[in-house]
Amino acid sequence: MGIPAFFYTPETGFGGGPALGYIFPRLGDRHPSSIMGVFFYTEKKQSIFALTPEIYLEGGFHGITEVGYQKFPDSFWGIGPDTEDGDEEKYTPEQVRARVVGEFEIYPDLRAGLQIEYWREVVLETEDGGQLEQRDITGSTGGTNFGAGLIASYDTRDNLFSSERGWYLELSHETYGGLISNFDFTHLSLDVRRFFPLPWSHVFAARFFGRSATGKVPFQEMSTLGGPSDMRGYQAGRYRDKFSAYAQAEYR
């Protein structure tokens, strides 16, 4: 499948590009493999590229590879729950990110494995007089980050892309640091989702998500609220801190 997208914002000018996906379904398989990708380019020479192959094998192996590059405007309101809408400042990062996850089935629908992540970011532009320009915020000068950790998931969903019933739980722990990292910190997160079927193919979906970080955490890797899937009423990154937790429900 392919979906063309076009947009205009004051920060980007006109922009657009393709969002592409290819799914490898197997008859009666709840977990088809897939490859998803997106590429956007703007009038002001900004770009976003992301490619995500996700593989499920019959032996119970589940693998995810996420590779991305972006040079695109973003917003920062500060750290903590008491920031105001008027605190918003625009900045432009250039970032390369890669993540690899490998899990093996240890019990029906229960998988566990390892994950590694790398990202490097350069902050290209900040607002005059803003917090990021002062360079007092950890990560405001960019940096390099490398981490590894454990991940476990339990998945009984009937469909990965349009779930009507089942559970999804994921627990992960990552430690960042070492010779090639500018930051030393840890992440612990819990993701719990439940899907309830209703008549006429309607669905009630509920989710709880919690994430905590300890150590020298760059603002880019702090827990956030807001975005296309997390508390959709808020812009991505509207709130950020070392800990966040939220619950949300949807009628579909």
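**Strands, buried residues and aromatic pairs**

Gly149 stands opposite Glu174 in β10. This is a predicted model, in which local features need pLDDT of at least 70, side-chain atom pairs count only at pLDDT 80 or more, and totals for chains, interfaces and linings use all residues. Residues are numbered from 1 along each chain as its sequence is written, and side-chain values use heavy atoms, with hydrogens and water left out.

The elements named here are DSSP runs numbered from the N terminus, with helices being H or I of at least four residues and strands being E of at least two. Two strands pair if DSSP finds at least two bridges between them. Strand β10 (residues 166-176) pairs with β9 in the antiparallel sense over nine bridges. Strand β9 (residues 143-155) is also joined to strand β8 (residues 110-126), by twelve bridges, and these two run antiparallel. Within that pairing, Leu114 has Leu150 in β9 as its bridge partner.

The loop between β8 and β9 contains Arg135. Its phi is near 65°, a positive value in a residue other than glycine. Arg135 counts as partly exposed, at 43% relative accessibility. Another positive phi, of about 60°, belongs to Trp200, which is not a glycine either. Trp200 is placed in the loop between β11 and β12 (202-215), and at 76% relative accessibility it counts as exposed.

Strand β11 (residues 185-198) holds Asp191, which is buried at a relative accessible area of 5%. A polar contact is a pair of N or O atoms within 3.5 Å; within protein, one must be able to donate a hydrogen and the other to accept it, and residues adjacent in sequence count only if both atoms are side-chain atoms. The side chain of Asp191 makes such contacts with the side chain of Arg193, at 2.8 Å, and with the side chain of Arg207, at 2.9 Å. Contact in general means heavy atoms within 4.5 Å. Leaving aside residues up to four places away in sequence, Asp191 touches Tyr168, Leu169, Glu170, Arg207, Phe208 and Phe209.

Pro93, in strand β7 (residues 89-107), is buried with a relative accessible area of 1%. Residues that Pro93 touches, not counting those up to four places away in sequence, include Phe72, Asp74, Glu121 and Leu124.

A hairpin of three residues joins β1 to β2. The strands β1 and β2 (residues 13-24) pair in the antiparallel sense over eight bridges, and Phe6 has Gly16 in β2 as its bridge partner.

Rings of Phe, Tyr and Trp (its six-membered ring) pair if their centres lie within 6.5 Å; planes under 30 degrees apart count as stacked, over 60 as edge-to-face and the rest as tilted. The whole structure has twelve aromatic pairs. One of them is edge-to-face because the rings of Phe7 and Phe40 have centres 5.8 Å apart and planes at 75°. Phe7 lies in strand β1 and Phe40 in strand β3 (residues 33-42), so this pair ties together parts that are 33 residues apart in sequence. Tyr176 and Phe185 form a stacked pair, 4.5 Å centre to centre with 15° between the planes. Both Tyr176 and Phe185 are buried.

Note on methods:
Buried means under 20% relative accessible area, exposed over 50%, partly exposed in between (1.4 Å probe, protein chains only).
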